[in-house]
Amino acid sequence: MKGEVVVGGVRFANPVLAASGTFGYGVEFKGIANRLGGIVTKGVTLEERAGNPPPRIAEVPSGIVNSVGLENPGLIKFKRQILPKLKKIKTRILVNVAGFEVDEFIRLAEGLEEENIDGLELNLSCPNVSEGGAVFGQTPQKVEEITRAVRKRTKKLLVVKLTANFVDPRETAKAAEAAGADAVTVINTLYGLILDDNGRPFLGGRTGGISGPAIKPFALFCVDRVAAAVKIPVIGCGGIISGRDAFDFLCAGARLVQVGSANLTAPNGALRVLQELKIIISEKRIKGWESIVGTARRG
Amino acid sequence: MNFKVRVAEVSWLTQEVVSVWVEAPDVTGKTKPGQFFGVKVNKRGDLLLRRPLSVADVRGDFLRFIFKVVGKGTVELSRTKPGDGWDVLGPLGKPAPIFKGRDVVVCGGGVGAAPLLFLTRVLKEKNRVNVILGAKTASELILVNDFRRLKVKVILATDDGSAGEKGFVTQPAMRAIKTLLKPVVFACGPRSMLKFLMENVDQVPVWGFLEERMGCGVGICYCCAVERREGGYLRLCKDGPVVFLNEVRL
């Protein structure tokens with residue numbers, strides 16, 4: 001079976017990636033990272049960010065609501081302290097970048113252009129920051145503006161991570177495609193509010209982003225629609241915790257998948273998804289991942 | 001990574017607190033006081049996150065976990081029976097510092113006594129350990145005989161005076177701290193208790209066992225943040241759960 005998946009000219013050894021924010025910077029579990037198709041690092045911003053006050057996580061039936069708020073060391077420390085370690089990982093590395101102004105995305109892209117990474121994932125959809133964040137991802141014009149600006153400054157694989165919060169991701173996906181994105185990640189977490197016993201917001205950041213199996217049917221629906229609306233590859237994300245989930249996303253039209261919440265149940269969560277997916281593919285005698293992509297829409 | 005252990009013994013220490021011994025020969029030798037395990041709650045997947053359970057004791061091939069039943073996850077875990085298999089991840093977290101030749105005050109409030117038992121077993125080999133245990137009432141005091149069997153000095157306090165002296169556990173703790181020369185304090189219990197100790201001791205190092213809502217347990221999700229005094233946050237699962245209290249804001 002041909003194992004590779006090619007997206008935007010970049011060869012991934014298999015279609016399973018660890019999603020941003022759920023696998024640190026990939027350096028913590030190198031052995032697992034090396035066996036995945038790729039990893040998407042925790043979001044990096046231009047300046048250092050402390051993140052949101054605790055509590056930052058709550059469990060809901062079949063899901064998680066998190067409010068980390070992009071805690072990260074900022075671009076300079078990321079390049080100095082983390083990138084050297086990332087170079088030792090032998091898998092595809094996408095750096096998730098988040099900005100609060102168009103100019104910040106530009107400076108992040110420029111700052112990473114000469115580095116030994118495979119691509120950028122533009123985080124236009126983080127629901128856990130009060131400034132910018134998801135607001136960018138809710139406007140097709142803004143998605144297009146940022147993507148176009150970054151495209152001019154990077155030759156690397158350019159992926160745009162989209163939100164489905166109060167927006168039809170087909171529209172923002174088309175905007176990303178028009179601006180030169182190589183792929184879109186569909187979807188980021190959905191807005192969530194958790195209250196404590198006294199009816200007050202439980203999370204330190206007040207609201208958070210819902211992930212996990214609870215959002216899978218909606219994420220799958222979004223992937224199906226976006227895959228039909230754009231020609232660039234779709235990276236499916238949202239509630240994938242088993243090989244069957246990953247199989248569903250490929251059939252809905254995703255070329256790659258990202259595993260997030262499952263990494264919180266054990267660091268090998270994404271690897272387990274890959275192993276299970278390989279068993280399904282083998283049992284069904286399917287030749288190559290590509291042959292199942294989008295089968296949900298074929299007659 | 002995660003692996004299976006067999007539940008060997010289950011007993012209720014109070015109406016809300018459960019003790020579970022599991023057989024885990026491969027990790028008992030590697031497990032140190034202060035560390036914890038992430039325990040998977042069920043196979044159905046409706047409760048995704050592992051529950052972080054501190055190690056209350058280690059004997060031979062067995063690990064002991066003691067936890068209070070507070071929510072859906074711990075209710076489910078409390079229904080476990082001998083022979084059940086638990087999916088665990090660990091040992092996780094940074095071990096507690098182990099001193100030599102010091103006077104140590106170990107202060108446990110309620111179920112906070114649990115991780116202090118293992119710590120006391122290790123510390124008492126090379127230190128003089130004073131254990132002070134407190135609870136609201138006598139029926140909520142746990143592990144008193146387990147501590148006594150370690151042949152360390154045990155002082156009790158209850159809010160209602162039904163066992164030991166009447167009042168908060170911090171009163172005998174502060175008395176002990178003040179009478180000792182260069183003591184070291186380990187405390188586990190409500191944050192208010194930890195805060196009181198930290199604010200009222202002078203020049204005495206206090207190490208606290210903290211709790212925070214936790215995601216991965218291994219430092220990759222940044223969910224279990226605890227505010228540092230000098231700014232930013234530490235990750236409790238990786239930098240703790242035993243923390244030098246002067247470094248954090250409670």
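**Pockets, cavities and a helix**

Author: Let's start with the second largest pocket, which has a volume of about 680 Å³. This is a predicted model, where local features need pLDDT of at least 70 and side-chain atom pairs count only at pLDDT 80 or more, while totals for chains, interfaces and linings use all residues. Residues are numbered from 1 along each chain as its sequence is written, chains are lettered from A and ligands numbered from 1 in the order in which they are written, and side-chain values use heavy atoms, with hydrogens and water left out.

Reader: What are a pocket, a cavity and a volume here?

Author: Rolling a probe the size of a water molecule over the atoms shows where empty space is left. On a 1 Å grid over the protein atoms alone, a cavity is a set of points where a 1.4 Å probe fits but cannot get out, and a pocket is an open set with protein on both sides within 12 Å along at least five of seven lines; lining residues have an atom within 4 Å of a point. Grid points are joined across faces, edges and corners, and a volume is the space filled by probe spheres set on the points.

Reader: Which residues lie nearest the centre of the second largest pocket?

Author: Glu71(A), Tyr222(B), Tyr233(B), Arg235(B) and Asp239(B), out of 28 lining residues. The largest share of that lining, 4 residues, comes from α2(A) (helices, H or I, at least four residues, and strands, E, at least two, are DSSP runs numbered from the N terminus).

Reader: How many cavities of 30 Å³ or more are there?

Author: There are 2. The largest cavity holds about 490 Å³ of space, and Ser20(A), Gly21(A), Thr22(A), Asn66(A) and Thr189(A) lie nearest its centre. In the second largest cavity there's about 40 Å³, with Phe36(B), Arg50(B) and Met214(B) among its lining residues.

Reader: Which residues of helix α5 of chain B are buried?

Author: Buried means under 20% relative accessible area, exposed over 50%, partly exposed in between (1.4 Å probe, protein chains only). In α5(B), residues 191-200, the buried ones are Met193(B), Leu194(B), Leu197(B) and Met198(B). They sit on the same side of the helix because they cover an arc of only 130° around the axis, taken from the directions from the helix axis to the C-beta atoms. On the other side, Ser192(B) and Glu199(B) are exposed.

Reader: And how many disulfides are there?

Author: A disulfide is a pair of cysteine sulfur atoms within 2.5 Å, and the count over all chains is 0. For Cys251(A), the nearest cysteine sulfur, that of Cys222(A), is 17 Å away.
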